Amino acid sequence: MALADAALHLATERLTALFHRTAAVKEVSLMFPRHTVTAIIGPSGCGKSTFLRCLNRMHELSDGGWVTGKVLLEGVDIYGGRVNPVEVRRRVGMVFQRPTPFPTMSIYDNVVAGLRVNGRLPQTTLDEAVERALRQSALWDEVKDRLRVSALDLSGGQQQRLCIARAVAPGPDVLLLDEPTASLDPLGTLRIEELCHELKRRYTIVIVTHNLQQAARVSDYTAFFYLGELIEVGRTKDIFTKPRVERTEAYITGRFG
Amino acid sequence: MTPPDITVPPASGGASVPQAEARLASLLTTNRGDRVYRVLLTGLALALPLLLVTILLELYTSARPSLARFGWAFLWTSVWDPVAEIYGAAPMIFGTLVSSLLALLIAVPLALGVAIFLTEFAPRPLRRPVAFVIELLAAVPSVVYGFWGLFVLIPFLRQVVVPPLKAVLGWTPFIEGVFYGNSMLAGGIILAIMIVPYIAAVSREVLLAVPSAQREAAVGLGATRWEAVWTAVLPYGRAGVFGAIMLGLGRALGETMAVTMVIGNRHDISLSVLQPGYTMAAALANEFSEATTDLYLSALFEVGLILFVLTVVVNALARLLVWRVARGAAIGSRAL
Amino acid sequence: MIAPRLRRRVGSAIMTTLVVALCLLAVLPLLFILGDLTVKGASSIDWNFFTKSPVPAGQTGGGVANAIVGTGIIVGLACLFGLPIGIGAGVFLAEYGSGRLGWLVRFVADVLNGTPSIVMGIFVWGWFVKPLGHFSALAGGLALAALMIPMVARTTEEMVRLVPHSLREAALALGYPRWRTSLRVVVRTALAGIVTGGLVAVARIAGETAPLLFTALGNLNFSTNILQPMQTLSLQIYVYATGPFDEWHRLAWAAALVLMALVLGLAVLARWATRQRDGTG
């Protein structure tokens, strides 16, 4: 059954991602409805991160990286001839595996980093944006009194939430999370998972994770990748309780990967 | 709330055209900034090859009268007579090579000792201070070395070193004649002190670049600390250490102030290191302002050209050797 | 008959001792130089030394005020020309330098780094002083800048390369165009290291004499005119040390001490800045 277009935020159509001549992602067609969380799971090397990086045109920055197929953001192909990749990345935000706050900037400056790209904005606009973003990433209460402090003073988990705040501050449509809790302790991981439920009210989220329990806890839909191909996609509940493809079941029950 | 089931993605192109255009428009802008930035940086970077070419051209055109007049004989003529206007650079070339070789003879064991000490034997708390002292040695200005050489080293040589040296080795042609102070020996020693830090610093970086697996393998086979260095580390880093030595040579060839203050500045070829000598760099420092005629000046420019080409070749070879071990890292750039 | 094992042990011990001895021997000259400078130079340093210019030959007294100011001006000129070009070239090498042009620029920088400074001096004489007709501090600054540029380029490149790739990616993912990523994030992160490299280069050129002999020439009077000859500490030391008067020799020791203090101070400052950065004691 098809969904109304308005509900579709992001979709790929036969997306193939290559490094020089080798395809890391093969002809993947996937949809990401508005305000949902989709988890992408699969064993190491199955192309999940590569796929994710195609969604904000980061893949082409890798050596020899190129793409065929389409990625449609609100119906427009972001790989279309006249589209500027820089603009795409402002609409589709990304958070990486390891927290990467800008080391020479304060917490405040880190959060507004994405906003300042567009030129000078009035101080009040920036202040509001900072508070809004930090509240959305559940960091406001912890840092509101020390916004001018260096970002490196924060703990690992706090830094990652800072990176999330930095990614949401410019008001993107979509948030891509590439194994965001991989380098965090259990408490930090839990915090970020809780965040996902909040964040999906504003954004459409695609999260790559190798942690199956996390995928089960956090996502509405789950897509299983294997060797660059999309093997199965569906509601998370269905994928985890009654997967249709045998390979999916094998991965989920831990028989490989 | 259960999310709707999704199985088959709908076909694309469902959005109406004006809406698609509007969304497309928000994704379009040009990135002129990138191009400007790259052009600006490239321009600044091009200053370097431009500088090199300009130097070569300037030296060559200024040296041309002398090149035309004396040809290749310039390299082996010993006469340097500004009155008769006959110029030959043989004593200077000889002196440059001899003083540098002498400096290497003294400096290489010392520098390697420092490098090996720092990388293999030094206890941890000692490493930084010693490395720092070596760095400071490189920071001492040439003129201060020359000054110290003139007023401290030369009297020291005259009183303490040369008498026993003459007693033991006076029969050789290398230790002959009266020692007045300013001499090839003083020049060689001062040069040696000056290039030790360069050779040491680059050798150290080269030795550090040797994978520790080499060391560990030797130790695992039962070698002592020293044996591990001698059999596993040094051979691996051999090309790089050789390159470091050549870098030191390159530095020694071009050293000016310290040399001109202690070497005696005499156009003479002598086998004895106790005699005064001359180097190309010292000659330039000494005589450039005295050059009264165009040919004199041109001859000096030719000396400069020879010196430049010589050091470029030596440094190029040295860098290639060091790159072989360290793959293009900026080794030695911080070693002043 | 000494057991082979023992022989090896003894041999190793001897070599180790030799290595330590050589290292000590290498370090000794610096201690002597610093010691001699302090002992012979410190007594001549007084207020006059810093505030007066040289007096006519043969007389006593006078100072090196003209040389200190001159060193500052000429080094300042060199930085004005040398730092922007050097840093720009260094950033180019780190960001865009993986192709053939980058290889060429890098190679040329390394080659220029080994050029004798006297050659740089006669080059600037022929190219700038002779056409202009007179010696000048500006010419001296140009000669020193020519020495500075390849030095700063390589240290800048090294520092920028150290910035982790993940920072670059984070900025790009935020929608930073490439130029802004490079400037606002990468170079900014590497800035402390770049400054250190600059300080090290300044320390080196502050002590140079050879390139100034035929460009700035030297000046026994106090002058701040950059289009006229100017004195530096290094030139002053050279003139005094090689001159016939004992008075000059006395002043030379003091001037050498001051120059050493300046150069060492800069080197220590550069070291301290790096230590602050990586935070490891």
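How far apart are the end C-alpha atoms of H6(A), and what should its 13 residues span at 1.5 Å a residue? The end C-alpha atoms of H6(A) are 19 Å apart, which agrees with the 18 Å that its 13 residues should span at 1.5 Å a residue; the expected span of a helix is 1.5 Å times one less than its number of residues. The model is predicted, so that local features need pLDDT of at least 70 and side-chain atom pairs count only at pLDDT 80 or more, whereas totals for chains, interfaces and linings use all residues. Residues are numbered from 1 along each chain as its sequence is written, and chains are lettered from A and ligands numbered from 1 in the order in which they are written. Helices (H or I, at least four residues) and strands (E, at least two) are DSSP runs, numbered from the N terminus.

In chain A, 12 of the 13 residues of H6(A) are buried, so this helix is largely enclosed by the rest of the structure. A residue counts as buried if 20 or more other C-beta atoms lie within 10 Å of its own, as exposed if 12 or fewer do, and as partly exposed in between, with C-beta atoms placed from the backbone. The buried residues of H6(A) include Gln158(A), Gln159(A), Gln160(A), Arg161(A) and Arg166(A). Among the elements that cover the buried residues of H6(A) are H3, H4 and H5 of chain A, together with strand S7 (174-178) and helix H7 (186-199). H3(A) is also mostly covered, with seven of its 10 residues buried, including Ile107(A), Asn110(A) and Leu115(A). The cover of the buried residues of H3(A) includes helix H4 (123-136), helix H5 (140-143) and helix H6 (156-168) of chain A.

Elsewhere in chain A, Leu230(A) lies in strand S10 (residues 229-235). Leu230(A) is buried, with 22 other C-beta atoms within 10 Å. Its contacts (C-beta atoms, placed from the backbone, within 7 Å) are with Val28(A), Leu30(A), Ala223(A) and Phe225(A), not counting residues up to four places away in sequence. Leu230(A) and Leu30(A) are 200 residues apart in sequence, and their C-alpha atoms are 8.4 Å apart in space.

The contact between chains A and C takes 19 residues from chain A and 14 residues from chain C. On the chain A side, helix H2 (85-91), strand S6 (92-95) and helix H3 (107-116) each give two or more residues, and the largest share, three residues, comes from H2(A). This side divides into 10 nonpolar, five polar and four charged residues; Ala, Val, Leu, Ile, Met, Phe, Trp, Tyr, Cys and Pro count as nonpolar, Asp, Glu, Lys and Arg as charged, and the others, Gly among them, as polar.

Chain C consists of 11 helices and zero strands in its secondary structure. The radius of gyration of chain C, 24 Å, is well over the 19 Å that the globule rule gives for 281 residues, so the chain is more spread out than a compact globule. That radius is taken over C-alpha atoms, and the globule rule is 2.2 Å times the number of residues to the power 0.38. The C-alpha atoms of chain C fill a box of roughly 75 × 70 × 35 Å along the principal axes. Buried residues make up 56% of the 281 residues in chain C. Among contacts in chain C between residues at least 6 apart in sequence, 74% join residues at least 24 apart.

Helix H8 (residues 178-206) of chain C has 29 residues, but its end C-alpha atoms are only 36 Å apart, short of the 42 Å that a straight helix would reach at 1.5 Å a residue. H8(C) bends by about 55 degrees at Leu191(C), the bend being the angle between axes fitted to the seven residues ending there and the seven starting there. H8(C) is mostly covered, with 22 of its 29 residues buried.

Chain B has 12 helices and two strands, and 50% of its 336 residues count as buried. The contact between chains C and B involves 75 residues of chain C and 71 residues of chain B. Helix H1 (residues 4-41) of chain C gives the most to the chain C side, with 16 residues. That side divides into 51 nonpolar, 13 polar and 11 charged residues.

Val196(B) touches Ala107(B), Leu110(B), Ala111(B), Val114(B), Leu137(B) and Ala26(C), not counting residues up to four places away in sequence.

Technical notes
Contact = placed C-beta atoms within 7 Å.
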